[in-house]
Amino acid sequence: MFLFIYKTLKILISAIRGSDSPKQIGFGIAVGMMIGLLPKDSAFAMMFGLFVFATSVNLLATTLSAITFALIGSLCDPLFHQVGLFVLTHENLEATWVWLYQQPFSAWTRFNNTVVMGSLLVGLFLMFPIYYYSTGFFE
């Protein structure tokens, strides 16, 4: 049984690696994490999706990462809500949020939703560690 799992993981890793460098794979996993954590009806998820096709990240690693973190992200919505609520109700940032909300494009980003803001901030906070460790794993 262990041998079967090992061979399957080895095939999956070789399929992900392909001819891409570990940095491309690591960055694909990090961007996929951002896409997976963000709610899909905000413009932030669409911007990260366009970013994937504009750069040379590994598409398989990005897709698998986005699917995995979408499942994890739905479980973390209470945490994202708390983080977003804290940031959006902070007194010193109130004028910034009002100004941003009055901009034409901001309604599509849905940054005023606590879950969107919290998942964006948590994802940005986790982006470098995910990139660093996944690059080290594939080297």
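Visitor: What should I know before I start?

Guide: This is a predicted model, where local features need pLDDT of at least 70 and side-chain atom pairs count only at pLDDT 80 or more, while totals for chains, interfaces and linings use all residues. Residues are numbered from 1 along each chain as its sequence is written, and side-chain values use heavy atoms, with hydrogens and water left out.

Visitor: Which residues of the largest nonpolar core touch the most other members?

Guide: In soluble globular proteins, nonpolar side chains tend to be buried together. A nonpolar core here is a set of buried Ala, Val, Leu, Ile, Met, Phe, Trp, Tyr and Cys residues joined through side-chain atoms within 4.5 Å; buried means under 20% relative accessible area, exposed over 50%, and partly exposed in between (1.4 Å probe, protein chains only). The largest such core has 25 residues, and Met 34, Leu 38 and Phe 48 touch the most other members. Two or more residues each come from α2 (22–37), α3 (43–54), α4 (59–75), α5 (77–88) and α8 (114–138). Helices are DSSP runs (H or I, at least four residues), numbered from the N terminus.

Visitor: What is Leu 38 in contact with, beyond its neighbours within four places in sequence?

Guide: Contact means heavy atoms within 4.5 Å. By that rule, Leu 38 meets Phe 44, Ala 45, Phe 48, Val 116, Ser 119 and Leu 120.

Visitor: Is Ser 65 buried or exposed?

Guide: Ser 65, in helix α4, is buried because its relative accessible area is 6%. The side chain of Ser 65 reaches the backbone oxygen of Ile 29 at 2.7 Å. Leaving aside neighbours within four places in sequence, Ser 65 is in contact with Ile 29, Gly 32 and Met 33.

Visitor: At what angle do α4 and α5 pack?

Guide: Two packed helices are described by the angle between their axes and the distance between the axes. Axes are lines fitted to C-alpha atoms, for helices over the stretch in contact, and angles run from 0 to 180 degrees between N-to-C directions. For α4 and α5 the angle is about 70 degrees, with the axes 5 Å apart. The two helices are therefore roughly perpendicular (65 to 115 degrees). At their contact, Gly 73, Ser 74 and Leu 75 in α4 meet Asp 77, Pro 78 and Phe 80 in α5.

Visitor: Where is Gln 102 placed?

Guide: Gln 102 lies in the loop between α6 (94–101) and α7 (106–109), and counts as exposed at 59% relative accessibility.

Key. A polar contact is a pair of N or O atoms within 3.5 Å; within protein, one must be able to donate a hydrogen and the other to accept it, and residues adjacent in sequence count only if both atoms are side-chain atoms. Angles under 35 degrees count as roughly parallel, over 145 as roughly antiparallel, 65 to 115 as roughly perpendicular and the rest as oblique.
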